Amino acid sequence: MAESYAVEHEASHPGLQHHFANMEQQREAGTLGMWVFLVTEIMFFGGMFLAYTLYRSKYPEAFAVASNHLDIKLGAVNTAVLILSSLTMAMAVFSTQIGRLRAQVVYLALTIVLGLVFLGIKAVEYHEKYVDHLIPGTLIPGNPFNPHLELPTGVSMRHVEMFYWIYFAMTGMHAVHMVIGIGIMSVLLYFAAKGRFSPEYHSPVEVSGLYWHFVDIVWIFLFPLLYLLGRHLGGHAG
Amino acid sequence: MQTSWVPFVPPSASTLSGKVDALYFYLSGVTIFFTLLISGVLIFFVIKYRRRTPYEIPRPIAGSHKLETLWSVIPFIIAMSMFAWGAQLFFENSRPPKNAVEIYVVGKQWMWKIQHSTGQREINELHVPMGRKIKLIMTTEDVIHDFFIPAFRIKTDVIPGRYTTQWFEATKPGRYYLFCAEYCGMNHSGMIGSVVVMDPTEFDSWLGGNASQQSPAVAGQQLFETLGCISCHGAKGEGGRGPALAGVFDRQVFLSNGQNIKADEAYIRESIVNPQAKLVSGFGPIMPTFQGQVSEEQLMQILAFIKSLQIQTPGAATSGAPPATASPATRPESGGR
Amino acid sequence: METFVPPVPSRINYLNAQYGLKSWLLTKDHKRIALLYLGSISVFFLIGGLYAMFIRLELLTPQADLLQSTTYNKVFTQHGIIMVFFFLIPSIPATLGNFLIPMMIGAKDLAFPRINLLSWYIYMLGGIVTIYALLAGGVDTGWTFYTPFSTTFSNSYVVATGLGIFINGFSSILTGLNFIVTIHTMRAPGMTWFRLPLFIWSHYATSLIMILGTPVIAITILLLAFERLAHIGIFDPAVGGDPILFQHLFWFYSHPAVYIMVLPGMGVISELIANFSRKNIFGYSFVAFSSLAIAVFGFLVWGHHLFVAGQSLYAGMIFSFLSFAVAIPSAIKVFNWTATLYKASISYDTPMLYALGFIGLFTIGGMTGLFVAALATDVHLSDTYFVVAHFHYIMVGGTLLAYLGGLHYWWPKISGRMYPEGWGRFAALIIFVGFHLTFMPQFILGYMGMPRRYHVYPPEFQVLHVLSTAGASILGVGLLIPLVYLIWSMRYGKIAEGNPWHLPGLEWRTQSPPPTENFEYTPIVTWEAYEFAPPEEMQVVGKFRNEVVERS
Amino acid sequence: MSEHIVSRNVYLIIFLSLMVGTAITVVAAFQDFPGPMNVIVAMTIAVVKATLVVLYFMHVRYSSRLIWVIVASALFWMGILFALTLSDYWTRGWL
């Protein structure tokens with residue numbers, strides 16, 4: 001803490017940066033920094049959640065029809081994969097904290113693999129949407145939004161398209177975060193394999209873990225909002 | 001153009017303008033008072049307590065809770081008086097009176113298209129009678145515009161995909177500016193026109209001078225037939241597979257989700273372009289959407305027709321009970337849950 | 001007065017510790033990064049000022065003679081975008097804040113020096129993308145990017161400009177993040193929250209807005225760009241979207257952004273008022289907490305931009321009420337600054353002139369905000385020149401004056417040289433006069449009904465426009481004078497001592513310019529904020545060095 | 001501030017609860033509850049799951065008060081964004 005009156009620079013640990021007084025201060029700054037960053041992430045996704053809320057309340061039928069066309073099995077499996085990856089991430093932090101460095105490497109590698117599995121399943125889903133002409137607007141040139149959906153009377157195709165636009169915006173933005181997360185994990189894995197982290201210096205692992213869990217939380221909300229709401233109105237589904 | 005005898009104030013030509021001016025003068029007075037007060041005290045202190053010797057250290061003063069309270073509470077009270085005054089005036093003027101004459105306005109890059117209920121059309125000019133309440137029902141074909149008449153102190157955005165309204169009662173004959181106040185692209189500053197306030201008798205003869213044009217309601221009736229609305233709603237809006245439309249305007253509608261809503265312009269428009277949004281209780285989701293199939297002007301004509309149906313069922317508004325032709329879905333305002 | 005000999009400053013400082021372009025472009029020193037920002041925002045200010053000049057010249061006559069409509073629309077749009085996103089928002093935080101926050105709290109650097117450098121590069125990247133958009137053809141949507149004009153109807157470089165602003169947003173986020181963490185974790189021993197200079201409090205509040213608001217504009221601009229590129233609608237009514245949602249999201253950031261601009265200015269003014277009157281700030285805690293109150297309330301009032309935009313009547317009333325509430329913390333600040341001067345020892349140095357000017361202009365700017373917060377008058381005034389005048393009083397009269405005042409005040413610390421005092425006072429006076437002449441007529445124009453963003457206007461407005469243009473010329477000259485003499489002083493100015501104004505703040509208790517790690521020893525703070533003492537007690541080798549020795 | 005090391009069993013329990021939550025929310029989605037109950041059920045489960053992740057995986061339960069304040073303020077500002085924007089949409093029809 002700043003109040004610890006540590007005046008002389010501790011030269012003890014190679015991980016300590018010159019402008020911090022000690023490891024404790026450095027760790028605190030890192031954790032706090034990540035939390036503040038996550039606040040910005042919450043607000044970033046918040047804008048999209050707001051758009052979703054508004055349009056879902058405006059066009060409930062269209063959204064139910066569109067939502068029922070998503071693959072609930074793949075969505076649920078992906079949710080499980082991501083939760084499992086959160087567990088392996090937490091275990092990676094845990095292993096570092098208690099100094100089991102081999103386990104730490106294994107858990108980090110597992111986290112990366114699970115992240116890749118998630119992205120793979122996501123890619124399969126995106127491909128299905130591509131084949132079904134469910135990609136909105138002219139995002140993919142030459143493949144305009146033109147699904148063969150049976151729409152209940154009065155439901156505008158345009159509003160179904162809007163659901164898919166929100167779907168792609170939100171899951172796409174989430175996937176971008178996953179890619180960044182996997183990148184961070186790979187760097188961590190590299191340094192972990194070189195034995196950089198230890199119980200005294202595990203702050204990078206811990207801070208990256210916070211980010212990973214946050215991405216998981218976003219998905220925990222996306223899954224019901226995009227895949228589940230409207231299932232009970234199953235009759236309308238095309 | 002008309003000018004005002006008060007310097008720096010635009011001509012005042014509606015029942016509202018004088019009230020807005022009064023609030024404006026109050027706000028200006030408070031602003032000038034506080035600006036002079038603070039500048040005066042500042043200048044006095046700066047001169048009186050100027051530095052006299054290079055290293056002098058004045059005695060520190062920590063602060064005063066009494067003063068802090070004083071100069072939080074007094075500004076708050078003044079601010080609330082401004083809020084209340086402004087809100088009350090705004091509230092009063094946001095609800096168009098029932099007996100107002102309706103004029104349809106469609107904005108488009110970069111002109112104003114205006115149609116009177118008799119069918120008379122104008123572009124970038126709006127002729128209105130003095131002393132009568134006028135309600136503008138406005139929308140746009142492209143981007144957001146804003147219908148601004150400084151002499152009346154009114155302004156409202158004109159928004160694609162929905163209706164906005166504003167109303168006024170002109171008090172002085174003359175020719176006043178009409179501006180587009182929301183930036184709308186290349187020729188934004190060319191999207192100006194004028195409002196001509198006329199003597200009521202003069203206005204009536206002006207309106208009658210071009211009576212050959214079809215009124216919006218008649219045009220709306222034709223659309224009602226060609227678009228096939230009559231097959232469900234009936235030729236006179238008496239209803240059938242779809243809810244009855246005669247007499248529905250401005251009354252409470254009971255929805256299938258258990259809520260009540262007033263059938264105003266916005267609701268009728270929504271029911272045409274997005275019929276499933278607020279289904280009338282007792283009717284299935286069988287109406288197709290007309291989004292993108294009718295132009296803004298056509299929508300306004302259909303709206304005018306539906307409104308005119310109300311007049312053709314006399315007694316509905318006064319009896320308090322639903323007219324025989326109306327579906328069970330329409331209920332008098334007092335019967336809402 | 002007893003005389004004392006100031007200690008001989010070490011000749012090594014942050015400016016000459018290393019040489020070469022690389023030592024600047026790869027620096028992690030917050031002071032050097034502040035200078036990088038100072039240079040780049042000055043360039044953007046000049047570009048934005050150039051656009052302002054074209055606007056004022058065109059408006060001399062009621063016809064379109066200098067610029068045609070498409071050009072004029074681009075010019076005012078680009079004036080707004082450059083000034084708001086690339087000058088005003090980073091102005092005080094990224095330069096003065098960056099330079100001073102670690103020094104004022106007794107730290108060696110910000111918590112994340114690399115992120116600090118990164119934020120400058122992101123800022124430059126955003127700036128370059130935006131400049132590219134301007135050169136490639138410009139953008140004509142107004143800085144507000146209202147849909148559906150920006151998504152469907154405009155034929156200009158909306159996506160590229162949006163991308164520039166999107167990128168730039170991250171620079172703002174990272175700066176805010178760095179400040180918050182630094183203020184929380186890097187304070188020197190003894191530097192408690194209530195010993196912090198008010199500059200720090202206001203930067204803390206600013207950083208809150210930066211991290212909470214900026215992400216929302218980022219996602220909004222991103223959605224807008226996709227809507228434009230792929231013809232899919234979140235905001236386009238043609239496909240069921242709602243253009244008002246865009247306005248909500250846009251103003252959720254862009255109204256608090258006004259406080260990002262003015263709060264740091266208020267922090268600077270608190271420093272100037274206290275230090276040039278040698279008095280502690282009257283009601284320190286009220287001024288400190290009013291900064292936080294402004295940051296929080298600032299997020300509750302965005303809907304007053306939508307009073308005539310088709311927002312519901314009731315939402316309008318809520319927003320109007322909250323907008324009046326946010327006036328109170330600002331009023332508290334003005335009253336406390338004024339009260340600070342009571343029985344003080346006031347000097348007439350240039351920074352103090354700017355501070356006094358600020359209070360006057362901010363009072364007018366703030367009070368005219370009440371006209372547009374009141375619903376009935378806002379109906380008449382919104383989107384007229386009244387609004388233009390109002391926010392220029394806040395942004396130019398507030399932020400710019402505070403920025404210039406702060407720059408003069410800390411110039412000896414930053415450059416190690418004094419600016420020429422006579423020229424400084426002269427320029428301050430010219431700017432004050434020119435400013436009033438530019439924007440006072442615009443209030444009147446606004447009430448008379450002159451809409452903003454018009455380059456062709458009815459002839460009866462001409463007299464006031466000519467006055468405004470005349471004022472703008474004076475203002476322009478006034479702004480060029482400091483540019484010239486500050487550059488001049490870097491080489492020819494009088495050498496500044498460590499504490500030329502004899503002030504107690506930590507940033508003055510080290511040499512000018514400071515060494516790379518700011519202090520020779522970690523200071524231990526044993527005094528309150530604005531606790532004035534005889535000069536020899538506030539020296540480079542003050543009591544804190546002895547204490548360090550005692551403790552180690 | 002000495003840090004708290006969460007035990008492995010806690011992590012496992014949380015993981016299992018999250019999986020159970022996922023299963024329940026999928027099953028519940030196919031039931032036709034009256035009115036807006038489907039949304040409420042789905043959102044409640046999601047909030048509970050997110051809370052578990054935040055408290056245990058992200059160690060907030062064992063963190064300083066500052067972290068709590070940060071998390072709370074993020075939610076508060078999300079609340080502002082939603083509440084005031086929706087206050088416009090929900091009162092559009094009133095007059």
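Predicted model: local features only at pLDDT ≥ 70, side-chain atom pairs only at ≥ 80, totals over all residues.
In chain B, Val105(B) has Met138(B) as its bridge partner in strand 5. Strand 1 and strand 5 of chain B run parallel and are joined by seven bridges. On strand 5 there is a further pairing to follow: six bridges connect strand 5 to strand 8 (residues 164–169) of chain B, and here the two strands run antiparallel. Within that pairing, Lys133(B) has Glu169(B) of strand 8 as its bridge partner. Strand 5 covers residues 133–140, and six of its eight residues are buried, so this strand is largely enclosed by the rest of the structure. Strands of a sheet pair through backbone hydrogen bonds, in either a parallel or an antiparallel manner.

Chain B also has an open sheet of five strands, in the order 4-10-9-6-7, with mixed pairing. Its edges are strand 4 (125–129) and strand 7 (154–158) of chain B; each has a single partner strand, so one side of each is left without a neighbour in the sheet. On average, neighbouring strands of this sheet are turned by 20° against each other, direction ignored. Helix 3 (residues 200–208) of chain B packs on the sheet, where it touches strand 4 and strand 10 of chain B. The direction of helix 3 makes about 130° with that of strand 4 of chain B. Inside the sheet, strand 9 (residues 174–180) and strand 10 (residues 193–198) of chain B run antiparallel and share five bridges. Tyr177(B) stands opposite Ser194(B) of strand 10 in chain B.

One backbone detail in chain B concerns a peptide bond. The bond joining Gln109(B) and Trp110(B) is cis, with omega about -10°. Trp110(B) sits in the loop between strand 1 (101–108) and strand 2 (111–116) of chain B. Most peptide bonds are trans, and most residues other than glycine have a negative phi.

The next step is from chain B to chain C. Their contact takes 70 residues from chain B and 75 residues from chain C. On the side of chain B that touches chain C, at least two residues each come from helix 1 (17–48), helix 2 (65–94), strand 6 (145–149), strand 7 and strand 9 of chain B. Helix 2 of chain B gives the largest share of that side, 16 residues. Sorted by class, the side of chain B that touches chain C has 44 nonpolar, 15 polar and 11 charged residues.

Chain C itself has 16 helices and zero strands. A compact globule of 552 residues would have a radius of gyration near 24 Å, and the 23 Å of chain C agrees with this. Along the principal axes, the C-alpha atoms of chain C fill a box of roughly 75 × 45 × 45 Å. Of the 552 residues in chain C, 70% are buried. Among the contacts in chain C between residues at least 6 apart in sequence, 84% join residues at least 24 apart.

Two places in the backbone of chain C deserve a look. The peptide bond from Ser512(C) to Pro513(C) is cis, with omega near -15°. Pro513(C) belongs to the loop between helix 15 (462–492) and helix 16 (543–551) of chain C. Asp383(C), not a glycine, has a positive phi near 60°. Asp383(C) is in the loop between helix 12 (375–381) and helix 13 (385–415) of chain C. With 24 other C-beta atoms within 10 Å, Asp383(C) is buried.

In chain D, His59(D) is not a glycine, yet it has a positive phi of about 65°. His59(D) lies in the loop between helix 2 (37–57) and helix 3 (65–90) of chain D. This residue is buried, with 21 other C-beta atoms within 10 Å.

Chain A remains. The mean pLDDT of chain A is 87, and 93% of its residues reach 70 or more. Residues 1–11 of chain A stay under 50 in pLDDT; the model has 21 contacts beyond four places in sequence for this stretch.

Key
Residues numbered from 1 in each chain as written. Chains lettered and ligands numbered in written order. Pairing = 2+ DSSP bridges. Helix = DSSP H or I, 4+ residues; strand = E, 2+ residues; numbered from the N terminus. Axes fitted to C-alpha atoms, helices over the stretch in contact; angles between N-to-C directions. Contact = placed C-beta atoms within 7 Å. pLDDT = per-residue confidence, 0-100. Buried ≥ 20, exposed ≤ 12 C-beta atoms within 10 Å, placed from the backbone. Rg over C-alpha atoms; globule rule 2.2 N^0.38 Å. Nonpolar A, V, L, I, M, F, W, Y, C, P; charged D, E, K, R; others polar.
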